[in-house]
Amino acid sequence: MARVLIAEDEEPVRELLRRALATDGHEVEAAPDGAAALERLSAKPFDLLLTDIRMPIMDGIALALAAARDYPHLAIVLMTGYAGERERAQGLDALVHDVVLKPFTLAEIKQALAAALANRAPRPAVS
């Protein structure tokens, strides 16, 4: 299964996603904002970043831009409850696999993550 990093400032949503993805066999870590997520990305490799767009300290767009630049193998999926935020993400089509609107079902988010993982660039070999 995949190593997944969740960046979500709402603790109940973050915990629900963490538990649901871990139950599916993924290795999951979670961060409360983009800055904390970026630190975790630098500490170890992940296959997928699932991030909310609207968060304190560093939002999901800034996180996605930094993550795509530094970790090109990383699949990125954004989440948002705001239509205007989805419009902000439209220019990121080359970097972001999908933007999932809240509220979503667990089936919808799992489907988006499976598609992103299936289409991501391969992780470079470690020598």
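A pocket is here an open set of grid points with protein on both sides within 12 Å along at least five of seven lines, and its lining residues have an atom within 4 Å of a point. Rolling a probe the size of a water molecule over the atoms shows where empty space is left. In this predicted model, the largest pocket has a volume of about 170 Å³. Its lining consists of 13 residues, and those nearest the centre are Leu74, Ala75, Ala94, Leu95 and Arg120. Strand E4 (75-80) and helix H5 each contribute at least two residues to this lining. Sorted by class, the lining residues of the largest pocket are ten nonpolar, two polar and one charged.

Read from the N terminus, the elements follow the order β-α-β-α-β-α-β-α-β-α. Of the 127 residues in the chain, 43% are buried. Among contacts with a separation of 6 or more, 61% are between residues 24 or more positions apart. The accessible surface of the chain amounts to about 6500 Å², and carbon and sulfur atoms account for 53% of that surface.

How many salt bridges does the structure hold? There are nine salt bridges. One of them pairs glutamate 8 with lysine 102, whose closest N and O atoms are 2.8 Å apart. Glutamate 8 sits in the loop between strand E1 (3-7) and helix H1 (11-23), whereas lysine 102 sits in the loop between strand E5 (98-101) and helix H5 (106-119), so this pair ties together parts that are 94 residues apart in sequence. Glutamate 8 has a relative accessible area of 0% and is therefore buried, the cut-off for that class being under 20%.

A second salt bridge links the side chains of glutamate 29 and lysine 44, with an N to O distance of 2.5 Å. Because glutamate 29 belongs to strand E2 (residues 27-31) and lysine 44 to the loop between helix H2 (34-43) and strand E3 (48-52), the pair ties together parts that are 15 residues apart in sequence. Glutamate 29 is partly exposed at 23% relative accessibility, and lysine 44 is also partly exposed, at 29%.

Another salt bridge joins arginine 69 to aspartate 70, and the closest N and O atoms of this pair are 2.8 Å apart. Arginine 69 counts as exposed, with 61% relative accessibility, while aspartate 70 counts as partly exposed, with 38%. Elsewhere, salt bridges with shared partners connect Arg3, Glu27, Glu29 and Lys44 into one network.

Two backbone features remain to be considered. Most residues other than glycine have a negative phi, and most peptide bonds are trans. Where is the cis peptide bond with an omega of about -5 degrees? This bond joins lysine 102 and proline 103. Proline 103 is located in the loop between E5 and H5, and lysine 102 is also the salt-bridge partner of glutamate 8. The other feature concerns isoleucine 57, which has a positive phi of about 70 degrees although it is not a glycine. Isoleucine 57 is found in the loop between E3 and helix H3 (60-70). Is isoleucine 57 buried or exposed? Its relative accessible area is 73%, so isoleucine 57 is exposed.

Key:
Residues numbered from 1 in each chain as written. Predicted model: local features only at pLDDT ≥ 70, side-chain atom pairs only at ≥ 80, totals over all residues. Heavy atoms only, no water. Helix = DSSP H or I, 4+ residues; strand = E, 2+ residues; numbered from the N terminus. Buried < 20%, exposed > 50% of the residue type's maximum accessible area, 1.4 Å probe, protein only. Contact = heavy atoms within 4.5 Å. Areas by Shrake-Rupley, 256 points an atom, 1.4 Å probe, with all protein chains shown as cover. Salt bridge = Lys/Arg side-chain N within 4 Å of Asp/Glu carboxyl O. 1 Å grid on protein atoms, 1.4 Å probe; cavity = no way out; pocket = protein on both sides within 12 Å on 5 of 7 lines; lining within 4 Å. Points joined across faces, edges and corners; volume = space filled by probe spheres on them. Nonpolar A, V, L, I, M, F, W, Y, C, P; charged D, E, K, R; others polar.
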